[in-house]
Amino acid sequence: MRRIVIALAAVSLAAIALLGPGRSLLPVSTQPARALVIAAPDPAAATHSGHEAVSAPATRPAIVAAADGARVVVTTRSATKVEQGYVIETRIVSPDGKPVNEAIVRFYDLVDFFGPREELIGSARTDGQGNAAIAYLPASLGQSEIVVRFAGQGSLAPSVGTATFEATVAAPPYRSDQPGLLSFTRLVPYAAGAILLAVWGLIAFALFATARGIAVRADLKTAKEDAV
Amino acid sequence: MAGQMSRRQLLGTLGGLGTGVLAAGFVPIAFAEAEAAETGPKRQWAMVIDLRKCDGCRACTKACQETHHLPESFEWIKVFEVHDKQGGSFFMPRPCFQCENAPCLKVCPVAATFKTNDSVVLVDQDRCIGCRMCMAACPYGARYFNYGDPPIASNPFQRPTPEFPVPQQKGTVGKCMFCVHRSANGELPACVDACGMKAIWIGDLVEDVATNGDETVRLSTFIKENDAFRYKEELGTGPRVYYIAGHGQLLDY
Amino acid sequence: MDARTHDSYVERAMWPIGRGDRKFWISVVVLSTLVAAGLYAYVYQVQRGLWVTGLNQKVSWGFYIINCVFFIGISYGGAMTSAILRLTNAKWRAPLTRIAEATAVAALVVGAIYPIIDLGRPDRFLYVIQYAQVGSPIVWDLVAISTYMLASLVFLYLPLIPDLATTRDTMRSSLLRRMYGALALGWRGTIGQERTLQRGIAVMAVLIIPLAVSVHSVLAWLFAVTVRGGWHSTIFAPLFVLAAMLSGVAAVIIVVAVFRKVYGLQQFITRKHFRYLSYLLIALGMGYLYFMVSEYLTEGYVLDADTTPVLEAIFIGAYAPAFWSFTIGGLLFPLALAALPGRFLIGRVCFASGLVIAGMWLKRFLIVVPGMAEPMMPWDWGRYAPTWVEVTITVGTAAAIPLILILFFRFFPVMSVHEMEEVEGAPEPHHAALVPSYASGGDE
């Protein structure tokens with residue numbers, strides 16, 4: 001009897017150890033929680049582009065001169081509050097040096113998503129000085145390549161300007177909205193397994209102990225013989 | 001009587017066993033937790049469907065059926081015609097929502113359906129026993145059962161995998177998997193590609209970007225600016241498909 | 001109990017053993033044919049695929065799941081009659097327990113194979129053990145049903161041990177004497193053996209009740225852990241358990257009535273037994289009605305978007321005829337019929353039980369099919385109509401239960417002698433030498 005119980009226990013412990021971990025329970029991917037990531041700005045990369053620069057890593061401005069297109073000058077800088085990300089500024093100047101007013105400009109971030117694509121991150125109209133700016137908090141750290149497209153105006157053909165910068169500030173990473181209770185339920189199978197073991201043990205006891213008891217006590221007196 | 005265990009001894013042994021089992025159970029949990037915290041996911045797929053643009057042509061359904069060699073009844077992306085209360089109607093394509101808290105995952109008895117690190121719910125048709133519990137559990141009717149023999153795939157050497165379950169297996173369950181077999185090669189999902197109105201956007205919540213093949217937008221901004229919602233969100237399934245309702249259209253049909 | 005009654009009791013209990021008369025063989029042949037037809041239909045289904053059923057993409061659960069719940073529900077008769085009546089020390093249970101326990105095992109065996117019949121890949125059935133996911137209600141099902149089956153078998157076997165010894169004594173063939181003797185474990189009726197047996201039976205009686213509750217609760221949770229309108233209800237588990245008890249008692253009534261007639265047990269299974277069984281039936285029926293009212297009141301008062309379509313469908317829609325047939329014809333009318341005083345009690349109670357059983361099947365239908373057919377998305381209601389495959393398999397499995405019982409009582413006593421002695425007291429000592437010589441033994 002004792003041996004049976006010990007054997008049952010060994011088998012079930014082995015079964016639970018094998019089945020317990022692994023892809024069972026709730027196969028979901030867990031997201032590690034990361035806070036907003038902020039790294040110190042790198043002062044070595046600071047250069048200016050002709051705008052009044054506030055601290056922070058500036059960029060290598062690119063100027064594209066199309067034959068009859070306007071010049072699109074793009075610069076980036078950190079926002080006043082570092083955690084707000086970056087400000088991407090652009091200045092549209094016509095070939096004869098005059099700033100272009102009320103120009104429609106669209107800002108894109110170059111991404112590799114099913115091939116290289118330009119992700120629209122904002123749009124604006126230039127003011128009297130031909131300036132337009134948007135705020136941009138990139139989704140991830142690392143190299144960001146900005147493309148600014150001027151839609152064209154009147155005789156000015158559409159043109160484009162680019163800039164790159166190293167993003168050291170990014171938006172908080174995506175957190176899945178899984179309910180917190182889910183992790184608690186992982187414990188339930190083990191509790192259930194223990195109860196199950198107990199039940200099977202009781203059934204085995206009822207059967208084998210009774211059988212054993214009947215076999216062992218066959219030599220004693222019956223109730224009838226006792227009365228007589 | 002020798003060798004016969006008394007009741008007290010038995011109960012004591014069982015109690016000790018039970019505690020031991022419970023204690024032993026915590027060890028594997030500890031390991032599993034440590035494993036999960038290592039690397040973050042690289043992608044978390046999502047979709048945005050612009051209901052203002054969908055014209056109900058069902059090109060997405062047909063493209064999906066062709067790509068995966070599906071029988072007629074399998075509409076992994078299904079386009080519903082919804083009659084709203086103002087007397088008009090609009091069209092609503094429904095792929096699998098790849099739910100964050102998916103009911104179908106929880107009820108599968110053999111873990112034939114599982115969620116990848118990219119947050120796509122796949123079905124391993126070599127494991128599926130065809131009990132159809134997942135179909136009962138899905139609130140969106142997104143899972144389909146192969147009652148009969150599926151059409152033969154054109155390539156006879158095609159060995160189906162959960163990412164590209166072609167050909168389908170009889171007696172198992174299949175569903176939309178956001179065409180992860182195509183995105184692995186940098187190709188857009190079949191429905192996104194086929195949509196003539198460019199109403200279906202495939203996106204990544206981690207990189208916060210979405211594209212419909214022509215335009216590319218910042219996913220979070222796109223969702224917020226267009227008041228995108230998720231269907232039957234109150235069920236707590238955490239669907240990954242956002243809908244942009246037509247202006248003035250109510251979805252309370 | 002005086003010696004003559006005791007002898008008579010033993011004689012009637014053993015009467016079917018080894019008796020191969022014409023009625024027996026005709027019943028066996030007819031039932032076997034039906035079972036074979038069911039088997040043929042299943043093979044047909046496995047060869048071709050589940051498209052031979054009436055299932056479709058919307059209604060993907062149908063007759064098989066209904067039958068699974070139904071037959072396992074019938075198996076509750078054993079737990080009710082044998083275990084609960086034993087624990088409440090109801091003396092009138094004695095002639096009924098063997099029939100009830102055997103019916104329970106037979107119904108359970110039949111009900112437990114239905115999930116396999118329903119599988120799309122039955123060849124992969126063992127995956128549920130190999131790759132078991134403890135979060136899945138199907139795995140809970142497997143565990144609960146197998147544990148309950150084991151417990152039911154043990155609970156059938158233990159009280160059978162003394163009767164096996166008695167049967168062994170009536171056997172003429174030495175081979176049969178040895179076989180029965182082996183199963184009887186050397187039972188002699190000593191004080192020590194009696195005590196051991198009583199303890200074992202008591203443990204099982206106490207254990208089998210929570211096990212029985214767990215089995216039908218788990219079956220209920222198969223539905224209740226989804227978010228479908230008519231299914232996601234907290235009362236489902238108690239509702240199913242009570243429904244199972246009700247259909248179990250009704251089944252026991254019918255089986256007892258049939259065997260009483262066929263084996264001539266009228267002297268020991270009397271009007272009184274049916275009166276008491278009818279009390280059980282009525283009490284359980286009222287309880288089930290209460291649970292139904294509780295559920296429909298809660299849902300119907302609020303009429304939220306999730307549950308309203310199903311409620312409409314069953315109260316005034318496509319499923320209304322089925323629902324009202326069940327409520328009136330399968331619950332209210334039979335309960336009233338059984339409760340009335342007056343003549344033809346046994347006939348009335350049996351007829352009422354038949355209606356209750358049919359009604360319970362209909363109720364399971366009304367739970368499964370509208371729940372699956374309801375529009376989860378902006379589409380129309382689904383439709384489901386069973387094909388000949390599903391109907392044939394249902395008939396075949398239903399026939400399997402009486403077949404198992406008839407074959408079982410060919411080898412084991414139909415009434416529990418030991419239990420009768422337990423409640424009525426052993427007969428006077430001088431009987432001990434008498435072994436009914438007219439008991440047939442060994443002539444097949």
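**Helix packing in chain C**

Mentor: Happy to! Helices α11(C) and α15(C) cross in the left-handed sense (the near helix is turned anticlockwise from the far one by less than a right angle; clockwise would be right-handed). The model is predicted, with pLDDT of at least 70 needed for local features and 80 or more for side-chain atom pairs, while totals for chains, interfaces and linings use all residues. Residues are numbered from 1 along each chain as its sequence is written, chains are lettered from A and ligands numbered from 1 in the order in which they are written.

α11(C) covers residues 236–263 and α15(C) covers residues 345–373; their axes are 9 Å apart and the packing angle is about 140 degrees (lines fitted to C-alpha atoms over the stretch in contact, with angles from 0 to 180 degrees between N-to-C directions). Because of that angle, α11(C) is oblique to α15(C) (under 35 degrees is roughly parallel, over 145 roughly antiparallel, 65 to 115 roughly perpendicular, the rest oblique).

Which residues meet? On the α11(C) side they are A243(C), L246(C), S247(C), A250(C), A251(C), I253(C), I254(C) and A257(C), and from α15(C) come I346(C), V349(C), C350(C), S353(C), G354(C), V356(C), I357(C), M360(C) and K363(C) (contact: C-beta atoms, placed from the backbone, within 7 Å). Sorted by class, the residues where α11(C) touches α15(C) are 13 nonpolar, three polar and one charged (nonpolar: Ala, Val, Leu, Ile, Met, Phe, Trp, Tyr, Cys, Pro; charged: Asp, Glu, Lys, Arg; polar: the others, Gly among them).

Now turn to another pair in chain C. Helix α4(C), residues 76–87, and helix α5(C), residues 97–112, have axes that come within 7 Å and cross at roughly 155 degrees. With that crossing, α4(C) is therefore roughly antiparallel to α5(C). Their crossing is left-handed. Here G77(C), G78(C), A79(C), T81(C) and S82(C) of α4(C) make the contact with T97(C), A100(C), E101(C), T103(C) and A104(C) of α5(C). In the contact between α4(C) and α5(C), six residues are polar, three nonpolar and one charged.

A322(C) sits in helix α14(C), which spans residues 320–339. It counts as partly exposed because it has 18 C-beta neighbours inside 10 Å (20 or more makes a residue buried, 12 or fewer exposed, anything between partly exposed; C-beta atoms are placed from the backbone). Setting aside neighbours within four places in sequence, A322(C) is in contact with L362(C), F365(C) and L366(C). A322(C) and L362(C) are 40 residues apart in sequence, yet 6.9 Å apart in space, C-alpha to C-alpha.

Chain A has four helices and eight strands, and 30% of its 228 residues count as buried. Chain B has seven helices and 11 strands, with 48% of its 253 residues buried.

Notes. Helix = DSSP H or I, 4+ residues; strand = E, 2+ residues; numbered from the N terminus. Contact = placed C-beta atoms within 7 Å.
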